[in-house]
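Here's a quick tour for anyone meeting this structure for the first time. Have a look at the sequence and the model, then read on.

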Amino acid sequence: MHAPGDLAVRCRGLTMVYGDRTVLDGIDLDVPRGQVVALLGPNGAGKTTTVEVLEGFRRRSSGTVEVLGLDPAHAPEAWRSRVGVVLQSWRDHGRWHVHELLDVVGAYYAPYGTDAVRRPWPSGELLERVGLAAHADQRIDRLSGGQRRRLDVAVGLVGRPELLFLDEPTTGLDPEGRRDVHDLVGEMVDLDTTVLLTTHDLDEAEQVADRILILAGGSILADGPPDELRLGLSRSNEVRLRDRATGEVTVHATADPTAYLTEVLATRPGQVEVLEVRPASLEDAYLHVVRRVEAGEDVSDLPGLPDVDRHDHLGRSR
């Protein structure tokens, strides 16, 4: 377990109820400082609700929550200056110029700068970093979709946050823009910023996240590094064999490809011309979890939650 001072986020029994619908059912969660954590889940799983509670924009029904050591529901403005938020889309201030928006937003953070943390991030330097230096004097409503997304990211970073929330950070970006944002996330961690992102892009989560949380059915059902989840959740590898004589391709799913190949090669000596083993992808693992939840199956056998109490598929502590 991590000491409270080592944690950017700490939740115990986080519950959110809307009328007779329970969206979050007793979530426990620790996020150590300096991690990049990706929150995955189907639409309606409670990802947005969870993040809004952590950001201080929504009051929880019950449970305890600490973000950067304080309850976001009652935290002062000085706490707010330590948190950055990148929304999925912004459509405000279209007539402003790019540098004007950053200057105005950045001015809010100036009173909260310290010798250790320079606030705000100078607009010119930040625009250079997000690839918008050439557009500093351009009106916001004349930016392309990808350029607008880069500006969204810059707005979230201008206060040099200790904790950065990213909601679908690369929506609308071309491959180069996606790579730039991913690189920037890595750089923020080097500057001791913790990053919590929500995304539907499983490849993105696998590339940038140290740790992935899968939220479904009101609970965190899986928690771990991408490779661990990919291998531990799907429990299936795809083996493709091509027969030397007939050219027929056989596809077989197995949790133990070594044992399967040993058996095949022993029973069909010299008959296999080509073989290929494709490890389960993160998408395979994710879909495996979500489909089991949607089917109402008991998923208590999923990989454990290393830093928090174990939950069953209804979200109640064991």
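The crossing of helices H3 and H5 is right-handed. Keep in mind as you read that this is a predicted model.

**Helices H3 and H5**
- H3 covers residues 98-109 and H5 covers residues 145-157; their axes come within 9 Å and cross at roughly 20°.
- Angles under 35 degrees count as roughly parallel, and H3 and H5 are therefore roughly parallel to each other.
- Where the two helices meet, H3 brings Val98, Leu101, Leu102 and Val105, while H5 brings Leu151, Ala154 and Val155.

**Strand S10 and its partners**
- How many of the seven residues of S10 are buried? Five of them are, so this strand (residues 237-243) is largely enclosed by the rest of the structure.
- S10 pairs with S11 (residues 249-254) in the antiparallel sense, over six bridges.
- Within that pairing, Arg242 stands opposite Val249 in S11.
- S10 and S11 form a hairpin with five residues between the strands, and in it Gly247 takes a positive phi near 75°.
- S10 also pairs with S12 (residues 272-278), again in the antiparallel sense and over six bridges.
- Looking across to S12, you'll find Val277 as the bridge partner of Val239.

**Arg80**
- You'll find Arg80 in helix H2, which spans residues 77-80.
- Is Arg80 buried or exposed? Its relative accessible area is 19%, and the cut-off for buried is under 20%, so Arg80 counts as buried.
- The side chain of Arg80 reaches the backbone oxygen of Glu55 at 2.7 Å.
- Leaving aside neighbours within four places in sequence, Arg80 is in contact with Glu55, Gly56, Phe57 and Tyr108.
- Arg80 and Val158 sit 78 residues apart in sequence, yet their C-alpha atoms are 13 Å apart in space.

**Thr194**
- Thr194 belongs to strand S7, residues 194-198.
- With a relative accessibility of 1%, Thr194 counts as buried.
- Which backbone atom does the side chain of Thr194 reach? That would be the nitrogen of Gly34, at 2.8 Å.
- Not counting residues up to four places away in sequence, Thr194 touches a run of residues made up of Val31, Pro32, Arg33, Gly34 and Gln35, along with Ala8, Glu162, Leu163 and Leu164.

Note on methods
Residues numbered from 1 in each chain as written. Predicted model: local features only at pLDDT ≥ 70, side-chain atom pairs only at ≥ 80, totals over all residues. Heavy atoms only, no water. Helix = DSSP H or I, 4+ residues; strand = E, 2+ residues; numbered from the N terminus. Buried < 20%, exposed > 50% of the residue type's maximum accessible area, 1.4 Å probe, protein only. Contact = heavy atoms within 4.5 Å. Polar contact = N/O pair within 3.5 Å; in protein donor to acceptor, adjacent residues only side chain to side chain. Pairing = 2+ DSSP bridges. Axes fitted to C-alpha atoms, helices over the stretch in contact; angles between N-to-C directions. Parallel < 35°, antiparallel > 145°, perpendicular 65-115°, else oblique. Left-handed = near helix turned anticlockwise from the far one by under 90°.
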